[in-house]
Amino acid sequence: MSSLAPFGRASMIAFMTAGGAAVEIRSQSTNIARQLITSAAGEYNFLSLPPDKYKIVVRHEGFREQTQEADVSVGAKVQADFSLAIGSVNEQVTVQGSAP
């Protein structure tokens, strides 16, 4: 049986919407993940997820990754909103590659 699934809005600091943010939802019992990109208004909606506990991660270039957990049950609407903070210049970026 499927349930209604998490939906919400991703916004940046100063309440600008975070259109184009990558959102991933991952089942904590099966480790199966789904991904989508937020709308221009920063909205997202995952449909027909089975009941479970999920981890939701939002990423947007130049901003810190945000994570929330959500319990999805049959017939429930779960809202998970995110406010993305500007990324720190101290954050580490790993680039892998080889010389030509």
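## Close-up views of a predicted model

**View 1. The largest nonpolar core.** The largest nonpolar core in this predicted model holds 17 residues. Within the core, Tyr-44, Ile-56 and Phe-82 have the most contacts. Strands E2, E5, E6 and E7 are the elements that supply two or more residues to this core. The most comes from E5, which gives 3 residues.

**View 2. The aromatic pairs.** The whole structure contains 2 aromatic pairs. One of them joins Tyr-44 and Phe-46 in an edge-to-face arrangement, with 6.0 Å centre to centre and 65° between the planes. The other ring pair shown here is Tyr-44 with Phe-82, whose centres are 6.5 Å apart. The planes of Tyr-44 and Phe-82 are at 50°, so this pair is tilted. Tyr-44 belongs to strand E4 and Phe-82 to strand E7 (residues 82–84), so the pair ties together parts that are 38 residues apart in sequence. Together, Tyr-44, Phe-46 and Phe-82 make up one aromatic cluster.

View 3. How buried are the three residues Tyr-44, Phe-46 and Phe-82? Tyr-44 has a relative accessibility of 5% and therefore counts as buried. Phe-46 is buried with a relative accessible area of 2%. For Phe-82, also buried, the relative accessible area is 3%. The cut-off for buried is under 20% relative accessible area.

**View 4. The open sheet.** Four strands form an open sheet in the order E3-E2-E5-E6, and their pairing is antiparallel. Strand E3 (33–37) and strand E6 (66–72) are at the edges. Each of these two edge strands has a single partner strand, so one side of each is left without a neighbour in the sheet. From one strand to the next, the twist averages 20°.

**View 5. Strand E2 and its pairing with E3.** Strand E2 (residues 22–27) is joined to E3 by 5 bridges, and the two run antiparallel. Across this pairing, Ile-25 stands opposite Arg-34 of E3. The hairpin of E2 and E3 has 5 residues between the strands. In that hairpin, Asn-31 takes a positive phi near 65°.

View 6. What joins E5 to E2? There are 6 bridges between E2 and E5, which run antiparallel. In this pairing, Ala-22 has Arg-59 of E5 as its bridge partner. Strand E5 (residues 52–59) also pairs with E6 in the antiparallel sense, over 7 bridges. Here Val-57 is found opposite Thr-67 of E6.

View 7. Thr-38 is placed in the loop between E3 and strand E4 (43–45). Which backbone atom does the side chain of Thr-38 reach? The contact is with the backbone nitrogen of Gly-20, at 3.0 Å.

Methods:
Residues numbered from 1 in each chain as written. Predicted model: local features only at pLDDT ≥ 70, side-chain atom pairs only at ≥ 80, totals over all residues. Heavy atoms only, no water. Pairing = 2+ DSSP bridges. Axes fitted to C-alpha atoms, helices over the stretch in contact; angles between N-to-C directions. Polar contact = N/O pair within 3.5 Å; in protein donor to acceptor, adjacent residues only side chain to side chain. Phe/Tyr/Trp six-rings, centres within 6.5 Å; stacked < 30°, edge-to-face > 60°. Buried < 20%, exposed > 50% of the residue type's maximum accessible area, 1.4 Å probe, protein only. Core = buried A, V, L, I, M, F, W, Y, C linked by side-chain atoms within 4.5 Å.
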